[in-house]
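Subject: Structure handover

Hello,

My notes on what I found follow below it.

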Amino acid sequence: MNDMRVPVLVEHAPSPSAPASPARRASPPSASGPRIAAVRCALPPHRYAQHELTGPIGDLCLSPGADRALLHRVHASAGVGTRHLALPIERYARLGDFGRSNDAWLETGLELGEEALSGALREAGLAPADVDLLVFASITGVAAPSLDARLAGRMGLRPDVKRLPLFGLGCVAGAAGLARVHDHLRGHPDDTAVLLTVELCSLTLQRGDSSRANLVAGALFGDGAAALVARGGNTDGGGSGGGSSSSSSSSSTVAPEAGPRVVATRSHLYPGTERLLGWEIGAAGFRVVIDAGVPDIVRGHFGRHLRAFLAEHELTVDDIGTWICHPGGPRILSAVSETLGLSEDALDCSRRSLAAVGNMSSVSVLHILEGIRARRAPEPGTWGLLLAMGPGFCSELVLLRW
């Protein structure tokens, strides 16, 4: 575990001789901006109640005869009821080394990625050949060619599909990936873009590591994949479903009420916090770093930056009707709620996701968004905010309007 002291963040001001920068002004929301057309998650079939995993995870992480009091406290307070794992729990003791774990990530990740992507395209009424950009995010395994490249041929994506594989963003990648999809579609309004996230967090659990960070990870994280389909503003009115490419095969369109528009995004890095969250990568693979100071950074700085972002669009926290907050854990959700002064039930969607499937890293915000769409879509014209935090330490905000 790293040093538990909370970094002191210093806001960098311009030097006295430097001219003041003009205040950043938000561009008005476009009525024809990118729209989310579909979201689909895929979960492994191996589902366990939290209490069923406490003993086996203790066997993996602790030495025989070790005190298990901390293990039981962490599992009981994680806010997790059930989780899905990439493999049956009894197979984890036999994985042995990082190579075998990564092989399992690739094999299972391809299956779940294909299930999520095909399901999202089907929901949007599109074919694989309609995809112009595929953004892929994962922080729980590595491969070259990347998983998205392997899926392209397997699923029949066009040979000229643009690909953007992302690594290192961790839990924030679901929000950051959607933000980068938004950037592309603002410049290519005839295109269809897909964000695919695959996170098999259980395969990174370090055997024989009794650190608090590893025990927390073993209590919080679950496995899954998610795909989000977004379409440029010019696709609402008709025409080819495959964007600007002449090789597109679909003539389907997405109704304007299919999902929210992405209005604006904001990224923020917090100086001096690089060692709060992430991986220490060694011979055994990915050893988790989770510093106890993360909730304090949220309380001390995150709310101010979020309010400033909303103010640029002449909005306040009270204007946001739908909160899609990454469920980093109960302490993170409490810190977000406290610093923003949210109502008691504002983050219920996040807590339900955490209880049902655990923290699935970059997949989680898409899982929450899928649940919101499945239950009852927010009223047209209302605002939503999708937000997440991750290694860096960083945050990502995505402003939505239904």
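A residue counts as buried when its relative accessible area is under 20%, and as exposed when that value is over 50%. Keep those cut-offs in mind for what follows. Note also that this is a predicted model.

Ser 361 first. Its relative accessible area is 3%, so Ser 361 is buried. Ser 361 sits in the loop between helix H9 (348-357) and helix H10 (364-375). Its phi is positive, at about 55 degrees, although Ser 361 is not a glycine.

Glu 314 also needs a look. This residue is not a glycine either, yet it has a positive phi of about 55 degrees. Its loop runs between helix H7 (294-311) and strand S11 (320-325). Is Glu 314 buried or exposed? Its relative accessible area is 75%, so Glu 314 is exposed.

Next, the cis peptide bonds. One runs from Ala 144 to Pro 145, with omega near 5 degrees. Pro 145 belongs to the loop between strand S4 (133-137) and helix H4 (147-155). Another cis bond joins Gly 392 and Phe 393. There, omega is about -20 degrees. Phe 393 falls in the loop between strand S12 (383-390) and strand S13 (394-401). Please check both when you set up the model.Now the chain overall. The protein chain has ten helices and 13 strands. Of its 402 residues, 57% are buried. Its accessible surface comes to about 16,600 Å². Carbon and sulfur atoms hold 53% of that surface. Take the contacts in the chain with a separation of 6 or more: 81% of them are between residues 24 or more positions apart.

Pro 44 gives a local view of such contacts. Pro 44 lies in the loop between strand S1 (35-42) and strand S2 (46-49). Its relative accessibility is 2%, so Pro 44 counts as buried. Which residues is Pro 44 in contact with, leaving aside its neighbours within four places in sequence? They are His 84, Leu 85, Ala 86, Leu 112, Asp 223 and Gly 224. Pro 44 and Thr 108 are 64 residues apart in sequence. In space, their C-alpha atoms are 8.3 Å apart.

On to the helices. The axes of helix H1 (residues 50-61) and helix H2 (residues 69-76) come within 10 Å. They cross at roughly 150 degrees. Angles over 145 degrees count as roughly antiparallel, so H1 is roughly antiparallel to H2. The crossing of H1 and H2 is right-handed. On the H1 side, the residues that meet H2 are Gln 50, Leu 53, Thr 54, Ile 57 and Gly 58. On the H2 side, they are Leu 71, His 72 and His 75.

Last, helix H5 (residues 173-187). At 1.5 Å a residue, its 15 residues should span 21 Å. The C-alpha atoms at its ends are 21 Å apart, which agrees. Why is H5 described as largely enclosed by the rest of the structure? Because eleven of its 15 residues are buried. Among them are Leu 178, Val 181, His 182, His 184 and Leu 185.

Best wishes

Methods. Residues are numbered from 1 along each chain as its sequence is written. This is a predicted model: local features need pLDDT of at least 70, side-chain atom pairs count only at pLDDT 80 or more; totals for chains, interfaces and linings use all residues. Side-chain values use heavy atoms; hydrogens and water are left out. Helices (H or I, at least four residues) and strands (E, at least two) are DSSP runs, numbered from the N terminus. The expected span of a helix is 1.5 Å times one less than its number of residues. Buried means under 20% relative accessible area, exposed over 50%, partly exposed in between (1.4 Å probe, protein chains only). Contact means heavy atoms within 4.5 Å. Accessible areas come from the Shrake-Rupley method with a 1.4 Å probe; for residues, only the protein chains shown count as cover. Axes are lines fitted to C-alpha atoms, for helices over the stretch in contact, and angles run from 0 to 180 degrees between N-to-C directions. Angles under 35 degrees count as roughly parallel, over 145 as roughly antiparallel, 65 to 115 as roughly perpendicular and the rest as oblique. A crossing is left-handed if the near helix is turned anticlockwise from the far one by less than a right angle, and right-handed if clockwise.
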